Amino acid sequence: QVQLVESGGGLVQAGGSLRLSCVASGRTFSNYAMGWFRQAPGKEREFVGGMRRTGYSTYYADSVKGRFTISRDNAKNTAYLQMDSLKPEDTAVYYCAADRLGGSRYAGGFDYWGQGTQVTVSS
């Protein structure tokens, strides 16, 4: 299993940037697919982006494509979500997730979740 802890959220103005971190426990982090999701009040948790276990290739929701970038540093057991050109509609609690297999665009595809970190984008 793996335990995840997100950090890096905060309040930024529209057009600004934030970098979220997700620190994972375990010695086999490099073998896990990673995902980022977000959830706004009253809304279902939605997919933001993911990194495949195979080749560490990334994929993103259309709403963030070109603005958000997922990366990982296996030596630090950390995954990152770099968020640029933030918009008010990006406001949500952001969660990182991990799965031993391939992950997916769906929350059900991930077995392990962080506690979430709040991102608020003001106008």
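**View 1. Leu 18 of strand 3 and its bridge partner in strand 8.** Leu 18 has Met 83 in strand 8 as its bridge partner. Strand 3 (residues 18–24) and strand 8 (residues 78–83) are antiparallel and share 6 bridges; two strands count as paired if DSSP finds at least two bridges between them. Strands are DSSP runs of E with at least two residues, numbered from the N terminus. The model is predicted: local features need pLDDT of at least 70, side-chain atom pairs count only at pLDDT 80 or more, and totals for chains, interfaces and linings use all residues. Residue numbers start from 1 along each chain as its sequence is written, and side-chain values use heavy atoms, with hydrogens and water left out.

**View 2. The open sheet with strand order 1-3-8-7.** Its 4 strands pair in the antiparallel sense. Strand 1 (4–7) and strand 7 (68–73) are the edge strands, each pairing on one side only. From one strand to the next, the twist averages 15°, with axes as lines fitted to C-alpha atoms and angles running from 0 to 180 degrees between N-to-C directions.

**View 3. Strand 9 (residues 92–99) and strand 4 (residues 33–39).** The two strands run antiparallel and are joined by 7 bridges. Phe 37 has Tyr 95 of strand 9 as its bridge partner.

**View 4. Strand 9 with strands 10 and 11.** Strand 11 (residues 117–122) is antiparallel to strand 9, with 3 bridges between them; here Val 93 stands opposite Gln 118. Strand 10 (residues 112–113) also runs antiparallel to strand 9, through 2 bridges, and Tyr 112 is the bridge partner of Ala 98.

Definitions and conventions: Buried < 20%, exposed > 50% of the residue type's maximum accessible area, 1.4 Å probe, protein only.
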